[in-house]
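Subject: Structure handover

Hello,

Here is the structure for you to look through. My notes on it follow below.

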Amino acid sequence: MAPGLDYSNGPATAYTTSYANNDVHFQQATNENGDSNVYYNPRFDPSNYLEGPLSWNPATRLRQMLARPGIVAPGICDGISARCALEAGFNCLYQSGAATTASRLGQPDLAIATLNDFVQSAQMVCSLDPTVPVIADADTGFGGPAMVARTVTQYARSGVAGLHIEDQVQTKRCGHLLGKQVVSREEFVTRIRAAVIARDAIPGGSDFVIIGRTDSAQVLGMDEAIFRLKLAADAGADVCFIEGVRNKELLESTVKALAPKPVLVNVISGGLTPSFTTQEAEEMGAKIIIFSLVSCVAAVHGIRAAMRSLKKTGTDFASAQGMDPKAFFEVMGLNEVVRLDAQAGGSAFKVV
């Protein structure tokens, strides 16, 4: 067990000292059980985000959305899927680690993608509409506390509004595969605390959202999963993410046990969690509902069908469904680029 950490009596006993340095707030506070030494930053009180227009800053906007009705975030895997999600009217996006690994590397979600892969993808996605919050998968934080802190800093600089850090071992896998292994409670809390310290050290006071994720339900049981999320919340996690919750009753009991901390649920068709609708998940108390693989699974089906059709017929006429190149580029922001060029005095795109 790491020095200065005692988890024998449950959550909120993780810190034997409190300190403040460069806007880092591990202040003395008390949770609902009367335990002290809980992370507390009064600036992040949800009541501060209830009123007023939505901010242009994506992290602040995400906090405003957390203080208001539920959030639905479709999983995106690349620029095309992100554009389609924005076109459909979604006001929050989720950069799935599995989808990013598949689209960028053509590999399965088995700890193959690196921090650089995720950051480069995030920079592109966040640039498409900088006001739309992007929640991004950060796997295990890609290393020890220093690397977790670097991950938070890199994601924030990329324009990401929030990330989730999980308790799997470094050789992790998709949360809906079998055979998962998790680290100790102590190591999980260390990851969350490193993320919080890094966020609070960002100059100017960042609203970046830290989400604690546990994959322990399938390994150690639901009681342990909830226990770990309580530890994460006490360490400063803004949202709790329980992966692979298997039914309605378990989700409802998790939300109740973690209240008032917001809960995120990941819905994957055919995965460990039932295919809840957004309305059903919200009625069970989930605050954020993500659909991690919605875009990349749809892409596999669509591209497979197009390739098979081309192979069989020798033409892409049927799969194009009447979409010509200009119509495709319009989905990718053609009109906005042409408009900007004209406003700046350019003439290269008068006719396209």
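**Ser295 and its surroundings**

Ser295 touches Gly75, Ile76, Cys77 and Ser81, leaving out residues up to four places away in sequence; contact here means heavy atoms within 4.5 Å. Ser295 is placed in helix α11 (residues 294-313). Helices (H or I, at least four residues) and strands (E, at least two) are DSSP runs, numbered from the N terminus. With 15% relative accessibility, Ser295 counts as buried. Buried means under 20% relative accessible area, exposed means over 50%, and partly exposed is in between (1.4 Å probe, protein chains only).

Cys84 is 211 residues away from Ser295 in sequence, yet their C-alpha atoms are 9.1 Å apart in space. Cys84 lies in helix α2 (residues 79-87) and, at 36% relative accessibility, counts as partly exposed.

**How to read the model**

This is a predicted model, in which local features need pLDDT of at least 70, side-chain atom pairs count only at pLDDT 80 or more, and totals for chains, interfaces and linings use all residues. Residues are numbered from 1 along each chain as its sequence is written, and side-chain values use heavy atoms, with hydrogens and water left out.

**The protein as a whole**

The protein has 14 helices and 10 strands. Of its 352 residues, 48% are buried. Among the contacts with a separation of 6 or more, 66% are between residues 24 or more positions apart. The protein exposes about 16600 Å², and carbon and sulfur atoms supply 55% of that area. Accessible areas come from the Shrake-Rupley method with a 1.4 Å probe; for residues, only the protein chains shown count as cover.

Ser292 is in the loop between β10 (288-291) and α11. At 4% relative accessibility, Ser292 counts as buried. Its contacts, not counting residues up to four places away in sequence, are Gly75, Tyr94, Ser96, Ala99, Asn266, Val267 and Ile268. One of these, Ser96, is 196 residues from Ser292 in sequence and 5.5 Å from it in space, C-alpha to C-alpha.

His164 is found in strand β6 (residues 162-166). It is buried, with a relative accessible area of 0%. Apart from neighbours within four places in sequence, His164 is in contact with Tyr94, Ala136, Asp137, Ala138, Asp139, Ile211, Arg213 and Phe241.

The axes of helix α8 (residues 222-235) and helix α9 (residues 248-258) come within 10 Å and cross at roughly 35°. Axes are lines fitted to C-alpha atoms, for helices over the stretch in contact, and angles run from 0 to 180 degrees between N-to-C directions. Which residues make the contact? They are Met222, Ile226, Leu229 and Lys230 of α8, and Leu250, Thr254, Ala257 and Leu258 of α9. These residues divide into 6 nonpolar, 1 polar and 1 charged. Here Ala, Val, Leu, Ile, Met, Phe, Trp, Tyr, Cys and Pro count as nonpolar, Asp, Glu, Lys and Arg as charged, and the others, Gly among them, as polar.

**Aromatic pairs**

The structure holds 2 aromatic pairs. In one of them, the rings of Phe118 and Phe142 have their centres 5.6 Å apart and their planes at 80°, so the pair is edge-to-face. Rings of Phe, Tyr and Trp (its six-membered ring) pair if their centres lie within 6.5 Å; planes under 30 degrees apart count as stacked, over 60 as edge-to-face and the rest as tilted. Phe118 is in helix α4 (residues 115-128) and Phe142 in the loop between β5 (134-137) and α5 (145-158), 24 residues apart. Both Phe118 and Phe142 are buried.

**Backbone points to check by eye**

Most residues other than glycine have a negative phi, and most peptide bonds are trans. Phe142 has a positive phi, near 70°. Ala111 also has a positive phi, near 60°. Ala111 lies in the loop between α3 (97-105) and α4 and is partly exposed, with a relative accessible area of 33%. The peptide bond from Ala259 to Pro260 is cis, with omega near 10°. Pro260 is found in the loop between α9 and β9 (263-266).

Regards
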